[in-house]
Amino acid sequence: MISITPVEAFNDNYHWLIHDGTYAAVVDPGDPKPVQRAVEKAGLKLVAILITHHHWDHTGGIKALKAQYGCEVFGPLNNAIEGIDNHCVEGTRLTLPGLNLTLEVMEVPGHTKDHIAYFAAQTDKYKNLLFCGDTVFSGGCGRLFEGTAAQMWQSIQKIMALPDDTLLFPAHEYTLSNIQFALAVEPNNQSLQKYNDQAKALRNKLLPTLPAVLATEKAINPFMRADDPDVVKTAETRAEAVNLSAAQVFAVIRHWKDTF
């Protein structure tokens, strides 16, 4: 039976550890040390690494972990990332060595040009899963370092088309700060207000707010709500414009978030 646990790293990263009690894979291990500790403590054999994009806090542990465990590395089609054994593109299907888990790759550019996500259909323990790196967070989305707002909006729409019960596993614990921005966009969103209380309660206990449920994100995440009348009104007021498309609304609020 597959289990997924967060390995905390740096200030707010989660390196997601996927395991069955014997074999394990890890997503975006920027720091090898906490991964090594988690693997050794649980008596696991690390057999695979999944990389979503090239940023150092997602790739910095590849070399050390691969040297120690001989694990297989999957990642985007980017030759600048050292250590990848299997380059993945849209529609690539892969089965993690030793683990009964098949993943399908989605290309989701925006945060970076090479960004991919890994989707798994329903497993014996979990509903649908998406390891989404820095594309979407709970209550937010990634900053546009390389891609355009149009690309990111398209990528988010692709994620929104997944089943509503999909569990999202982002790479950062940004939920509370994202919610503060979301409340500025939609101060009267009662679902968001309730979610804020729930997230605060979890963080007060030093518990993760993740994974997030896609259906919930559709109700509270302004970057998934660019066609909602309240979000549109806020964006048009801020941009001093009218008749904005959903893509334009997304661009306005993404730019606003950069300086919030």
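Arg225 is buried, with a relative accessibility of 14%, where buried means under 20% relative accessible area, exposed means over 50% and partly exposed lies in between (1.4 Å probe, protein chains only). Glu186 is likewise buried, at 5% relative accessibility. The side chains of Arg225 and Glu186 meet in a salt bridge, with 2.7 Å from N to O; a salt bridge here is a side-chain nitrogen of Lys or Arg within 4 Å of a carboxyl oxygen of Asp or Glu. This pair links distant parts of the chain, 39 residues apart: Arg225 sits in the loop between H7 and helix H8 (229–239), and Glu186 in the loop between helix H5 (175–185) and helix H6 (190–204). Helices (H or I, at least four residues) and strands (E, at least two) are DSSP runs, numbered from the N terminus.

The model is predicted, so local features need pLDDT of at least 70 and side-chain atom pairs count only at pLDDT 80 or more, while totals for chains, interfaces and linings use all residues. Residues are numbered from 1 along each chain as its sequence is written, and side-chain values use heavy atoms, with hydrogens and water left out.

In total, the structure holds 9 salt bridges. Side chains of opposite charge can pair when their charged atoms come close. Arg143 forms one with Asp258, and the closest N and O atoms are 3.5 Å apart. Arg143 lies in the loop between strand S12 (140–141) and helix H4 (149–160), while Asp258 belongs to helix H9 (residues 246–258), so this bridge ties together parts that are 115 residues apart in sequence. Arg143 is partly exposed at 37% relative accessibility, and Asp258 is partly exposed at 30%. Another salt bridge joins the side chains of Asp164 and Lys218, at 2.7 Å from N to O. Asp164 is in the loop between H4 and strand S13 (167–170) and Lys218 is in helix H7 (residues 214–220), so the pair connects parts that are 54 residues apart in sequence. Asp164 is partly exposed at 41% relative accessibility, and Lys218 is partly exposed with a relative accessible area of 24%.

On a 1 Å grid over the protein atoms alone, a pocket is an open set of points where a 1.4 Å probe fits, with protein on both sides within 12 Å along at least five of seven lines; lining residues have an atom within 4 Å of a point. Of the 17 lining residues, the closest to the pocket centre are Phe137, Cys141, Gly142, Arg143 and Tyr174. The largest share of the lining, 3 residues, comes from H5.

Leaving aside neighbours within four places in sequence, Ile159 is in contact with residues including Met106, Val108, Leu130 and Met224, where contact means heavy atoms within 4.5 Å.
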